[in-house]
Amino acid sequence: MPARPVVLIAEELAPSVLAVLGDGFEVRHVDGADRTALLPALADADAVIVRSATRMDAEALRAAPRLQVIARAGIGLDNVDVPAATARGVLVVNAPQSNIVSAAEQAVLLLLACARNLAPANAALKSGRWERSRWTGVEVADKVVGVIGLGRIGVLFAQRMSAFGTTLIAYDPYVQPARAAQIGVRLVSLEELLRQSDFISIHLPKTPETVGLIGAAELAMCKPSVRIVNAARGGLLDEVALAKALEAGTVAGAGLDVYATEPCTDSPLFAYDCVVVAPHLGASTVEAQDKAGASVARSVRLALEGEFVPDAVNVQAGGIVAEELRPALPLVEKLGRVFTALAGGVAASVEILVRGEIAALDVSVLALAALKGVFADVVEEQVTFVNAPGLAAERGVEVSLSTDLESPDYRNLVSVRGVLATGEVVSVSGTLTGPRQIEKLTEVNSFDVELVAEDHVVFLRYHDRPGVVGVVGARLGEAQVNIAGAQVSRTSQGGDALMALTVDSAPPAELLDDIAAAIGAHSVRSVDLG
């Protein structure tokens, strides 16, 4: 039996990870923060699962020649060298929705704690001081809450704050006003948000454009009574400028869960009673950790099984893959394999043509699926959605993708066409049919067929004449190879013909050569699609 793929777990994860992975993998553990332990452990790893303490940089990738996937059990990828992984063909996945509820709740918690001075009141009482009058706070009801960033977490935060009877405004240049209105939020400019808000919560990714977005000039625009929450990423809010504003009394308070440099155990902000702080606890809930672990474990399993991984961050698929496209991915990969079998090698150019309703979607992932199939039986290394474009580029294969909303014969149709170095054109098309989305081949080298794309497929091209079907059936029967489906297509009576067969077991090469000789076939090709 072949060795099971090795999954290296580099940090403490929820028990659900092992349950999701199942018994098909050899799971090993290592302290990912200890480089002297991590690098040797990576030598045999097919996948590694990390959180935030393990650096998967170029050095780590060099130590992992078998590595196929890096899984980050969380949202951020600051500790993963994504470009280096992509260059190596290593899939990088994360858990983008695992902690969004926990993060939104953390922002609400910080806002409420800041409004009611909960942290200093708690500390005073535990120190033996009953100071009711000192820690008078403010209500949240009827206040204006400004949300900077209406992504998934920003939306969840806004929805929860609406229950407090607040007026919600938001700044996000990438969100349409109609979308904001659906969740009861009015879009405004950043300056208007700063000037109007009683509370501000930041929910942005950390990019060169967003670092330092709220600095001294922006804080000067705010009401002196404003309270600011940052539970997104450190560095979005200028901590030095915030400390100066608190000292000057131009900002009333803040709630912070993230910092420009982490771990952060010493900051001027810690001296202010009106500042509530936490050590980056946004994702630190039992539920979030369980979701993150289970999510990346599913991704690792899919990746090592050669399937498409929805949460891959370095797949050149344009963005989130539409649900309508996912059933087509296995079919299109099979089309790529059939194409290579028909071509007998690597083509000079490959075109993927998508027709029908799905052509209105971003179908770039279908091109990746086709390339994955094209090279699956050509190269020694495992072909993935990550390295397939690189394999094409290395071999000088020109790849193009085209779409057409019109599909005369089928609701949706995908074709893979290519030109060989000899100038010969090779093509294969397929579609999904019926409620069960059955994968069918519909065209092979301009011959119309309708054949279920499964198991072992054999293509015989010959001069049309009587008796050929009987000869082929007899020879396969003598060899105990059962025919599951068969179809003959021809250009004209007595002209060129194509016989397409699906069989239950792979015919030996010697048998196919014998059949080809018996019927005078121009060519014989077989491919395993099981």
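Across which strands does helix H12 lie?

**View 1. Helix H12 on the strands of the predicted model.** The structure shown here is a predicted model. Helix H12, formed by residues 286–304, lies across S1, strand S3 (47–50), strand S4 (69–72) and S5. Its direction is at about 170 degrees to that of S4.

**View 2. The open sheet of five strands.** The strands follow the order S2-S1-S3-S4-S5, and their pairing is parallel. The edges of the sheet are formed by strand S2 (26–29) and strand S5 (91–94), each of which pairs on one side only. From one strand to the next, the twist averages 20 degrees.

**View 3. The pairing of S1 with S2.** Strand S1, made up of residues 6–9, pairs with S2 in the parallel sense over four bridges. Within this pair, Leu8 stands opposite Arg28 in S2.

**View 4. The crossing of helices H13 and H14.** Helix H13 comprises residues 328–343 and helix H14 comprises residues 364–376. Their axes come within 7 Å and cross at roughly 40 degrees. Because angles from 65 to 115 degrees count as roughly perpendicular and those under 35 as roughly parallel, H13 is therefore described as oblique to H14. The crossing of the two helices is right-handed.

**View 5. The residues between H13 and H14.** On the side of H13, the contact is made by Ala328, Leu329, Val332, Glu333, Gly336, Arg337, Phe339 and Thr340. H14 contributes Val365, Leu366, Ala369, Ala370, Lys372, Gly373, Val374 and Ala376. Taken together, the residues of this contact comprise ten nonpolar, three polar and three charged.

Terms used: Residues are numbered from 1 along each chain as its sequence is written. This is a predicted model: local features need pLDDT of at least 70, side-chain atom pairs count only at pLDDT 80 or more; totals for chains, interfaces and linings use all residues. Side-chain values use heavy atoms; hydrogens and water are left out. Two strands pair if DSSP finds at least two bridges between them. Axes are lines fitted to C-alpha atoms, for helices over the stretch in contact, and angles run from 0 to 180 degrees between N-to-C directions. Contact means heavy atoms within 4.5 Å. Angles under 35 degrees count as roughly parallel, over 145 as roughly antiparallel, 65 to 115 as roughly perpendicular and the rest as oblique. A crossing is left-handed if the near helix is turned anticlockwise from the far one by less than a right angle, and right-handed if clockwise. Ala, Val, Leu, Ile, Met, Phe, Trp, Tyr, Cys and Pro count as nonpolar, Asp, Glu, Lys and Arg as charged, and the others, Gly among them, as polar.
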